Amino acid sequence: MTMVTDDAPATTAKTAEGREAGLAVHDDKHGDQLIGRTVTINRPRAELFAYWRDFANLPRFMDNVERIDTLSSKRTHWVVKAPGGKTVEWDATIIEERDGEYIAWASEVGADVPNSGSIEFKDAGDRGTIVTATIVYDPPAGVIGKVIAKLFQREPAIQARRDLRRFKQLMETGEVATAAWTRKQLEEEKG
Amino acid sequence: MRALTWHGRHDVRVDTVDDPEILNPRDAIIKVTSTAICGSDLHLYDGYIPTMQAGDILGHEFMGEVVETGPGSTLKKGQRVVVPFTIACGSCYHCGKHQYSACDNGNPADNQDIGQELYGQPMSGLFGYSHLTGGYAGGQAEYVRVPFSDVGPIVVPDGLSDDEVLFLSDILPTGWQAAENADIEPGDTVAVWGCGPVGLFAVQSAFLMGAARVIAIDHFPRRLELARKFGAETINFEESKTYEALMEMTGGIGPDAVIDAVGLEAHGFFVDNVVDQIKKSLFLGTDRTHSIRQAIVACRKGGRVSMPAVYGGIVDKFPLGAFMEKGLTLKTGQTSVQHYMPALLNAIVEGKIDTTFLISHRMALEDAPKGYKMFHDNQNDVTKIVLKPDFAVAAD
């Protein structure tokens, strides 16, 4: 039996018990690594949900995702950048959805990188909407492990934090901030 | 274009680099007509600020003419604008509260990691001030890409010269915010450490906010003289004991409010400064902090401490006991320039605030490396250098 005596999110747990408790509540888990990040975005909940629900939008702020094709209302095909100009791909299915509040998806059998994720939207009064992203994944060892490390820019938690910041920038300001001053620099930045 | 670039400690050069382009809808491109070297640029010059990279374009005090606009910009070609040094989106929660220097979005996502790790939360972007604050190319150049140009730049009315309005970009609002953060009440005595541009504008602002007396502290006679012109009494810390003088000049009470406009390069040759310097060389701490310690100790019981001075790291020997026992209040932060610009522009138009007194030198942009060295070596005579891209290069 796990011993969790506080109200802090499982993604901030220091103990193995706390992390397991977090994984246990995650449906259809696809790995043993749990990361989560929360950001407050000064826009209405419905607008943020609608933008995210169209998965083809996600590459605009997810730096490592080259494109996401919509296969059907529940299924998407992900093409994600890998080292050496290569890509890794998988199909994903929406496994749970509550309109305006919550979307959970998981990779299908045969994915290069088994993973699942969810995004939750909660009203935050005059501060807008609290958005929490959670990702569960299974980091493989060896060569593939290195690909994954690159895929997530060393640390998946940092990657998720950066992607969420870009999502916030895009929703609040209509653009993604860059310090580049030429098109060439901007393209190099996006890699 | 030509631009002043950083290459290391005491190594800045004017290089030819690519011209900036419109990259986001709300961008504008500004052709720089005037840009100043800030005292905080000397922190970069001296190598005190981490995350600088070779080739970074410096400069965060600049103004010029709009030459290109993105579809989301509200500016028009040909307008003259002053650009705030803080890059703020105008749309986030903090901008909504006019806390522009705390903007969530002005700093690119990847660069926010550094601030998040160092300070707990990332700060806004700044022009030309290390990658901690975004890595944006600065204004000591012929052209600048200005993001969120519908929020930041203020259009200058006809009839005002560059010299009159340039300092709206940083040091005038910074001096004003410093005085505002001191919560000055009518009749107060306010002590200001440092008679650089920020300190001198804080002196003027404090009087406008109702201070009865302002006591200015420095060791450069020319800077003390400027403070005296605005009605301040002065203490030269090389000639007089600062704490003792402040106590005697305030009837044994201490100043009601104290403003530290010195920051991390305090020049006093005191034991704790020397210790700080040794620690800095051993990477044990980055900030030399005599002025803030002295300000806290001198401040009257229940008084207010305002700290516009730039600090970057962690300090020790902070007089926390004096701070707590005397019940002081401290306010600080990078300046929310966008919040103050309209009112301060009016104050300039109405002649309530003088800005041009500060400028001691005008030079060509090409001469900027000479300007940095001159400013660094002679802070008595050099109070402010304004660089003009279209000035002819001075003969040696």
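## Chain A

Among contacts in chain A between residues at least 6 apart in sequence, 45% join residues at least 24 apart, a contact being a pair of residues whose C-beta atoms, placed from the backbone, lie within 7 Å. This is a predicted model, in which local features need pLDDT of at least 70 and side-chain atom pairs count only at pLDDT 80 or more, while totals for chains, interfaces and linings use all residues. Residues are numbered from 1 along each chain as its sequence is written, and chains are lettered from A and ligands numbered from 1 in the order in which they are written.

Chain A contains five helices and seven strands; helices (H or I, at least four residues) and strands (E, at least two) are DSSP runs, numbered from the N terminus. Read from the N terminus, the elements follow the order α-β-α-β-β-β-β-β-β-α-α-α. Chain A has 191 residues, of which 32% count as buried. A residue is buried if 20 or more other C-beta atoms lie within 10 Å of its own, exposed if 12 or fewer, and partly exposed in between, with C-beta atoms placed from the backbone.

## Contact between the chains

The contact takes 20 residues from chain A and 28 residues from chain B. On the side of chain A that touches chain B, the elements giving two or more residues are α4 (156-173) and α5 (183-190) of chain A. The largest share of this side, eight residues, is supplied by α4(A).

By class, the side of chain A that touches chain B has six nonpolar, six polar and eight charged residues. Here Ala, Val, Leu, Ile, Met, Phe, Trp, Tyr, Cys and Pro count as nonpolar, Asp, Glu, Lys and Arg as charged, and the others, Gly among them, as polar.

## Domains of chain B

Chain B is assigned domain 1 (2-170 + 335-388) and domain 2 (172-332), with bounds from an automatic or database domain assignment. The C-alpha centres of the two domains of chain B lie 25 Å apart. Their contact takes 26 residues from domain 1 and 20 residues from domain 2.

On the side of domain 1 of chain B that touches domain 2, α1 (39-45) and α12 (337-349) of chain B each supply at least two residues. This side divides into 12 nonpolar, nine polar and five charged residues.

## Nonpolar cores

The largest nonpolar core has 115 residues, and those with the most contacts inside it are B:I30, B:V190, B:V192, B:A202, B:A216 and B:I259. At least three residues of this core come from each of domain 1 and domain 2 of chain B. Such a core is a set of buried Ala, Val, Leu, Ile, Met, Phe, Trp, Tyr and Cys residues joined through C-beta atoms within 7 Å. Apart from it lies another core, of 21 residues, including A:L34, A:I35, A:I119 and A:F167.

Not counting residues up to four places away in sequence, B:I259 touches B:A178, B:A182, B:V190, B:V192, B:W193, B:A202, B:S306 and B:P308.

## Strand pairing in chain B

Strands β12 (residues 213-218) and β13 (residues 233-236) of chain B pair in the parallel sense over four bridges; two strands pair if DSSP finds at least two bridges between them. B:A216 has B:T234 as its bridge partner in β13(B). From β12(B) the chain crosses through helix α7 (residues 221-229) of chain B to β13(B) in a right-handed β-α-β crossover: with the strands pointing away from the viewer, the path from the first strand over the helix to the second runs clockwise.

An open sheet of three strands in chain B has the order β2-β1-β4, with antiparallel pairing. Because β2 (11-16) and β4 (56-57) of chain B stand at the edges, each with a single partner strand, one side of each is left without a neighbour in the sheet. Strand β1 (residues 2-8) of chain B pairs with β2(B) in the antiparallel sense over six bridges, and the bridge partner of B:G8 in β2(B) is B:D11.

Methods:
Two residues are in contact if their C-beta atoms, placed from the backbone, lie within 7 Å.
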